[in-house]
Amino acid sequence: MVSEFPASARVVIVGGGIMGCGLAYHLAHEGWTDIVLLEKAELTSGSTWHAAGQITHSTSSIGLGACVDYNIGLYAGKLEAETGQSVSWHGCGSFRLAYTEDEMDWLRQTLSVGRALRFNMELVTPARVRELHPFYNLDGVIGALHTPDDGHADPSGITQGLATGARQLGARIIRHCRATNITCLPSGEWQVDTEKGSITCEHVVNAGGTYARQMGEWSSVLIPTTSMTHHYLVTDTVPEFLDLERELPVIRDDKQVSGYIRMEQKSGLIGIYEKAQPNAVWLNECPWAAENELFAADYDRIMPWLENAMGRMPVLAELGIKREVHGAISHPPDGNPLIGPA
Ligand SMILES: Cc1cc2nc3c(=O)[nH]c(=O)nc-3n(C[C@H](O)[C@H](O)[C@H](O)COP(=O)(O)OP(=O)(O)OC[C@H]3O[C@@H](n4cnc5c(N)ncnc54)[C@H](O)[C@@H]3O)c2cc1C
């Protein structure tokens with residue numbers, strides 16, 4: 001059993017969310033053996049644990065699309081088979097709705113990206129949406145993009161699975177160990193100082209999520225991200241769902257709901273990316289003591305979209321809310337993942 005704190009490694013990954021653990025897993029599969037991952041608290045205790053877990057083939061970029069498709073394959077069976085860790089994959093498919101010709105153009109562009117990547121997706125009429133999702137009010141909808149191979153999974157389960165897979169191939173994951181500084185040495189190597197000692201390494205990866213910007217400052221690297229909050233709400237049990245033999249597809253309704261609606265077991269789950277008054281948090285610094293941090297739900301902010309959501313899914317309208325999730329996500333200006341050498 002290895003117990004001594006490592007003095008050196010080929011790569012140190014700082015951050016034990018889905019990104020850090022995913023990188024450790026994939027480097028280990030590429031044959032890297034000298035990998036150390038540091039997490040200041042427990043794995044997934046940043047943004048990852050409270051994610052709603054949806055993943056979709058409907059993307060506007062070839063690179064991101066290929067990445068999504070690969071990950072769906074991993075979550076839909078391979079990771080669980082390899083590590084024994086359940087990831088609760090639900091392959092329910094999804095629809096993205098259009099109400100205007102401009103939105104149809106957007107769906108056509110997304111379809112062209114998916115077709116180039118040979119994804120299983122098609123443009124469908126509202127009648128087809130109604131056939132697969134009889135509970136959604138489709139007034140005003142003129143078409144939709146159907147992506148039947150989409151779904152959702154448990155992000156904590158995925159992250160633990162990735163960590164298990166990495167460990168099985170020799171990676172070291174050190175929890176409750178905060179990195180406190182990163183410096184470039186004259187040799188070109190990096191020194192990562194931590195609460196438990198220092199590690200010298202060839203490569204260091206900043207996978208700190210909402211902490212990434214302040215960690216970048218240690219080495220004068222400007223990381224252009226802001227933490228903004230996002231809500232999803234889970235309703236009480238929906239009586240109309242009790243006898244369903246299959247899970248309804250996820251609906252992405254950007255115009256009316258500015259978000260997504262799906263089943264969560266036999267409840268409804270409504271996620272809202274409000275288009276007005278976005279809420280930025282931790283503008284100067286994300287507190288180091290934050291762990292599994294959630295904010296109180298802010299119904300005033302999301303109410304216009306929530307009311308629309310109830311109008312679109314009348315079976316949810318009279319139900320209580322049994323779970324409120326309001327957490328922070330680190331956003332770069334273009335909304336795409338910020339990946340690459342610094
Ligand atoms: C309510 C909500 C719903 C969401 N739903 C979805 C969804 O359906 N689908 C989707 O794709 N995304 C969703 N997201 C976004 C998703 O959660 C994030 O994009 C993702 O979890 C980011 O992962 P990460 O590994 O980059 O960051 P994190 O999970 O935040 O991990 C960073 C880790 O680094 C650690 N760390 C930071 N600094 C240090 C340090 N100095 N030393 C050691 N450790 C450190 C932190 O403790 C943390 O564990 C949602 C987000 C929210 C808030």
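Tutor: The buried residues of helix H1 are Gly-20, Cys-21, Gly-22, Ala-24, Tyr-25, Leu-27 and Ala-28. The model under discussion is a predicted one.

The length of the helix can be checked. H1 comprises twelve residues, 18-29, and at 1.5 Å a residue these should span 16 Å; the C-alpha atoms at its ends are 16 Å apart, which agrees. After H1 comes Gly-31, which has a positive phi, near 105°.

The sheet comes next. H1 lies across E1, E2 and strand E11 (197-206), and runs at about 170° to E2. These strands belong to an open sheet of six strands with mixed pairing, in the order E8-E2-E1-E11-E10-E9. At its edges stand strand E8 (172-174) and strand E9 (179-184); each has a single partner strand, so one side of each is left without a neighbour in the sheet. From one strand to the next, the twist averages 40°.

E9 runs antiparallel to strand E10 (residues 190-194), and five bridges join the two. Asn-181 has Asp-193 in E10 as its bridge partner. E9 and E10 form a hairpin with five residues between them, and Gly-188 in the turn has a positive phi of about 95°. E10 in turn pairs with E11 in the antiparallel sense, again over five bridges. Here Thr-194 has Gly-197 in E11 as its bridge partner. E10 and E11 also form a hairpin, with two residues between them. Through E11, this account returns to one of the strands that H1 lies across.

Aromatic rings complete the picture. Five aromatic pairs are found in a search of the whole structure. One of them is formed by Tyr-211 and Trp-288, which are stacked, with 5.0 Å centre to centre and 15° between the planes. Tyr-211 is in the loop between E11 and helix H6 (212-218), whereas Trp-288 is in the loop between strand E16 (280-281) and helix H7 (299-312), so the pair ties together parts that are 77 residues apart in sequence. Tyr-211, at 9% relative accessibility, counts as buried, because the cut-off for that class is under 20%. Trp-288, at 24% relative accessibility, counts as partly exposed. Ring pairs also bring in Trp-218, which forms a cluster with Tyr-211 and Trp-288.

Two arginine residues sit over tryptophan rings. The charged end of Arg-178 is over the ring of Trp-288, 4.8 Å from its centre. Arg-10 lies over the face of Trp-32, at 3.6 Å from the ring centre.

Terms used:
Residues are numbered from 1 along each chain as its sequence is written. This is a predicted model: local features need pLDDT of at least 70, side-chain atom pairs count only at pLDDT 80 or more; totals for chains, interfaces and linings use all residues. Side-chain values use heavy atoms; hydrogens and water are left out. Helices (H or I, at least four residues) and strands (E, at least two) are DSSP runs, numbered from the N terminus. The expected span of a helix is 1.5 Å times one less than its number of residues. Buried means under 20% relative accessible area, exposed over 50%, partly exposed in between (1.4 Å probe, protein chains only). Two strands pair if DSSP finds at least two bridges between them. Axes are lines fitted to C-alpha atoms, for helices over the stretch in contact, and angles run from 0 to 180 degrees between N-to-C directions. Contact means heavy atoms within 4.5 Å. Rings of Phe, Tyr and Trp (its six-membered ring) pair if their centres lie within 6.5 Å; planes under 30 degrees apart count as stacked, over 60 as edge-to-face and the rest as tilted. A charge sits over a ring if NZ of Lys or CZ of Arg is within 6 Å of the ring centre and within 35 degrees of the ring normal.
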